Amino acid sequence: MESHGSSFSGLDSYFRALAQTPARLARRACSVSTSHEEMSQVKARSGSVMQRTLRWYDLVGFGIGGMVGAGVFVITGHASRLRAGPSVVISYAIAGLCALLSSFCYTEFAVDMPVAGGAFSYLRITFGEFAAFLTGANLLMDYVMSNAAVARGFTAYLGSAIGISKSKWRLVIHGLPDGFNEIDTFAVLVVLAITLIICYSTRESSLVNMVLTILHILFIGFVILMGFWKGDWKNFTQPANPNNPSGFFPFGAPGVFNGAAMVYLSYIGYDAVSTLAEEVHNPVKDIPIGVSGSVIIVTILYCLMAASMSMLLPYDMIDADAPFSAAFRGESDGWQWVSNVIGMGASFGILTSLLVAMLGQARYLCVIGRSNVVPAWFARVPPKDINAC
């Protein structure tokens, strides 16, 4: 891999590089890096090194926090009502196995090349710079857009939990088209607060994530216990409408696999942990435990959540959009408060998934800066003991 001067050092350099785009693209499109180059000269472009302060339990916390967001509270309902029925429990187990196998791939790369680039760096050493550029650009757009949507989702869940309409959180800008004229000021503040935490230190970011993740798991445990307590085992096999398919596998084996394809989205997030490889104390030991361990724990939690939901209601009565909270909202014997607790728990899950995603976004941008695709100052690591790029 050849070394290139920065195209962003000045306007003259930028326009000169722009004119040379066809020649540079032809030269660099299939140019591949090596693990040694990524670990030495490419990494050195950041100046100071990132501090290795993370242990396996930090990675487990980041993995759980990144995966267990509010999505599971919705996707489970869709998969059960429309695809798998009570066998959604098996769907989650199958999707978890697939996620675990995928996590092994990330683990192998991260152990062999513990740098902050994640998928971007892995593609540079296998398929070349052009494939890495396309992937990096898509990852950054995905993080920016999804983080904005997740932050707005946090205010919606929090407002629902405390009884405040989400419209009260938002500032309406008159003159803009409907649907594009609402600014969620609270979501902006949440993003800024998480940004400050991330910029302060990765170690402190891990502590904040650990606290929020533990709180979220407690809420999930509460949901599971309430489901098994208030639920009925017959709901695993008997639908509310006798004309609908019955049994644990009402839609057969195709329904189980269709459900697995749908709920796999709930496992997205473990890949962001690989971007923290450069800050792990002992990559050979900590990364496999952190990445794979978090997927296994999340799979168990998801299967228990799916089982508790299937016990609460027959599959053909489940609200596809809000299965857990709607199940208790319809109770007439004083259990409506449980839906508010579920909304609060989902809010904690949104915060942890947002924090982990923003950590991954910063590290992707850092390593992309090292490759001179974006201005090199994105790759700079402060000389003091601050781990954010």
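## Basis of the description

Contact here means heavy atoms within 4.5 Å. The structure is a predicted model, in which local features need pLDDT of at least 70 and side-chain atom pairs count only at pLDDT 80 or more, while totals for chains, interfaces and linings use all residues. Residues are numbered from 1 along each chain as its sequence is written, and side-chain values use heavy atoms, with hydrogens and water left out.

Gly 227 lies in helix 10, where helices (H or I, at least four residues) are DSSP runs numbered from the N terminus. With a relative accessibility of 0%, Gly 227 counts as buried, a term that means under 20% relative accessible area, against over 50% for exposed and in between for partly exposed (1.4 Å probe, protein chains only). When neighbours within four places in sequence are left aside, Gly 227 is in contact with Ser 308, Met 311 and Leu 312. Gly 227 and Ser 103, which are 124 residues apart in sequence, have C-alpha atoms 30 Å apart in space.

Thr 213 also has its place in helix 10, and at 5% relative accessibility Thr 213 counts as buried. Not counting residues up to four places away in sequence, Thr 213 touches Gly 61, Ile 64, Gly 65 and Thr 352.

## The nonpolar cores

A nonpolar core is a set of buried Ala, Val, Leu, Ile, Met, Phe, Trp, Tyr and Cys residues joined through side-chain atoms within 4.5 Å. The largest such core has 49 residues, and those with the most contacts inside it are Leu 59, Phe 62, Ile 194, Ile 287 and Tyr 364. Two or more residues come from each of helix 4 (56–67), helix 7 (119–124), helix 8 (129–162), helix 9 (185–200), helix 10 (202–230), helix 12 (283–312) and helix 14 (337–370). Helix 14 gives the most to this core, with 13 residues.

A second, separate core of 42 residues includes Ile 75, Tyr 267, Ala 307 and Met 311.

Helix 4 has 12 residues and reaches 17 Å from its first C-alpha to its last, close to the 16 Å expected at 1.5 Å a residue, where the expected span of a helix is 1.5 Å times one less than its number of residues. The buried residues of helix 4 include Asp 58, Leu 59, Phe 62 and Met 67, and they pack against helix 10, helix 12 and helix 14.

Helix 12, with 30 residues, should span 44 Å at 1.5 Å a residue, and its end C-alpha atoms are 43 Å apart, which agrees. Because 22 of the 30 residues of helix 12 are buried, this helix too is largely enclosed by the rest of the structure.

## Packing of helix 9 on helix 10

Helix 9 and helix 10 pack at an angle of about 130°, with their axes 5 Å apart. That makes helix 9 oblique to helix 10, since angles under 35 degrees count as roughly parallel, over 145 as roughly antiparallel, 65 to 115 as roughly perpendicular and the rest as oblique. The axes are lines fitted to C-alpha atoms, for helices over the stretch in contact, and angles run from 0 to 180 degrees between N-to-C directions.

On the side of helix 9 the contact is made by Ile 197, Ile 198 and Tyr 200, and on the side of helix 10 by Thr 202, Glu 204, Ser 205 and Val 208.

Pro 323 lies in helix 13 (residues 323–329) and, at 3% relative accessibility, counts as buried. Not counting residues up to four places away in sequence, Pro 323 touches Phe 73, Val 74, Gly 77, Met 309 and Ile 318.

Phe 378 lies in the segment after helix 14 and, at 24% relative accessibility, counts as partly exposed.
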